[in-house]
Amino acid sequence: MTFEELTQNKPTLEWKQRMDEEDDIFTDENINVTNEVLDSYISSLKELGDTPTEEAILECVKEVVIRLNELNDKYDYFIETMEREELAEFIEEGAKIAGLKSEEDITEEWREW
């Protein structure tokens with residue numbers, strides 16, 4: 001998978017569909033701000049170049065997780081179990097594309113959702 005493919009498969013696409021199917025934990029606003037955070041994460045990873053250090057990748061992971069913590073708090077805790085799994089998978093896939101080799105949950109250390 002590439003960064004472009006990952007960007008086209010953001011979990012927020014499914015969230016929008018679930019919102020349209022009457023899932024009331026989502027709003028256009030919380031989906032849009034989550035999209036911005038995820039796009040920023042991908043941009044940060046791309047800016048690291050072709051051979052980033054593990055520490056640099058994990059710093060991007062830390063930043064996106066903390067920003068998602070803030071959004072979850074601000075928008076009444078809309079990140080529930082399914083969303084947590086989707087976001088963690090997206091974040092881990094981005095880190096893997098950037099070059100991180102890890103089999104563990106790299107979001108857990110900072111994640112409050």
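1. Leaving aside residues up to four places away in sequence, Phe78 touches Trp15, Ile25, Phe26, Asn30, Thr34, Leu71, Asn72 and Glu83, where contact means heavy atoms within 4.5 Å. With Ile25, the C-alpha to C-alpha distance is 5.4 Å, although Phe78 and Ile25 stand 53 residues apart in sequence. Phe78 is found in the loop between helix 4 and helix 5, and at 1% relative accessibility Phe78 counts as buried (buried means under 20% relative accessible area, exposed over 50%, and partly exposed in between, with a 1.4 Å probe and protein chains only).

2. A word on the basis of these remarks. This is a predicted model, in which local features need pLDDT of at least 70 and side-chain atom pairs count only at pLDDT 80 or more, whereas totals for chains, interfaces and linings use all residues. Residues are numbered from 1 along each chain as its sequence is written, and side-chain values use heavy atoms, with hydrogens and water left out.

3. Along its principal axes, the C-alpha trace spans about 45 × 25 × 20 Å.

4. Of the 113 residues in the protein chain, 43% are buried. Among contacts between residues at least 6 apart in sequence, 72% join residues at least 24 apart, and the pair Phe78 and Ile25, 53 residues apart in sequence, gives a local picture of residues brought to 5.4 Å, C-alpha to C-alpha.

5. Asp76 is exposed, with a relative accessible area of 66%, whereas Phe78 is buried at 1%.

6. Helix 5 (81-98) has 18 residues and reaches 26 Å from its first C-alpha to its last, close to the 26 Å expected at 1.5 Å a residue (the expected span is 1.5 Å times one less than the number of residues). Its buried residues are Glu83, Glu86, Leu87, Ala88, Phe90, Ile91, Glu93, Gly94, Ala95 and Ala98, and what covers them includes helix 1 (3-7), helix 2, helix 3 (28-47) and helix 4. Helix 5 is followed by Gly99, whose phi is positive, near 125°.

7. Which residues line the largest pocket? They are Met1, Leu6, Asn9, Lys10, Pro11, Glu14, Glu86, Glu89, Phe90 and Glu93, and the volume is about 230 Å³. On a 1 Å grid over the protein atoms alone, a pocket is an open set of points with protein on both sides within 12 Å along at least five of seven lines, a cavity is a set where a 1.4 Å probe fits but cannot get out, and lining residues have an atom within 4 Å of a point. Grid points are joined across faces, edges and corners, and a volume is the space filled by probe spheres set on the points. Helix 2 (11-20) and helix 5 each supply at least two lining residues, with helix 5 giving the most, four. The lining divides into four nonpolar, one polar and five charged residues; Ala, Val, Leu, Ile, Met, Phe, Trp, Tyr, Cys and Pro count as nonpolar, Asp, Glu, Lys and Arg as charged, and the others, Gly among them, as polar.

8. The second largest pocket, of about 180 Å³, is lined by residues including Glu92, Glu93, Ala95, Lys96 and Leu100, and by class its lining has three nonpolar, one polar and six charged residues.

9. The structure holds one cavity of 30 Å³ or more. The largest cavity has a volume of about 40 Å³ and is lined by Val37, Ser40, Tyr41, Ser44, Cys60, Glu63, Val64 and Arg67, with helix 3 and helix 4 each supplying at least two residues. Four of the lining residues are nonpolar, two polar and two charged.
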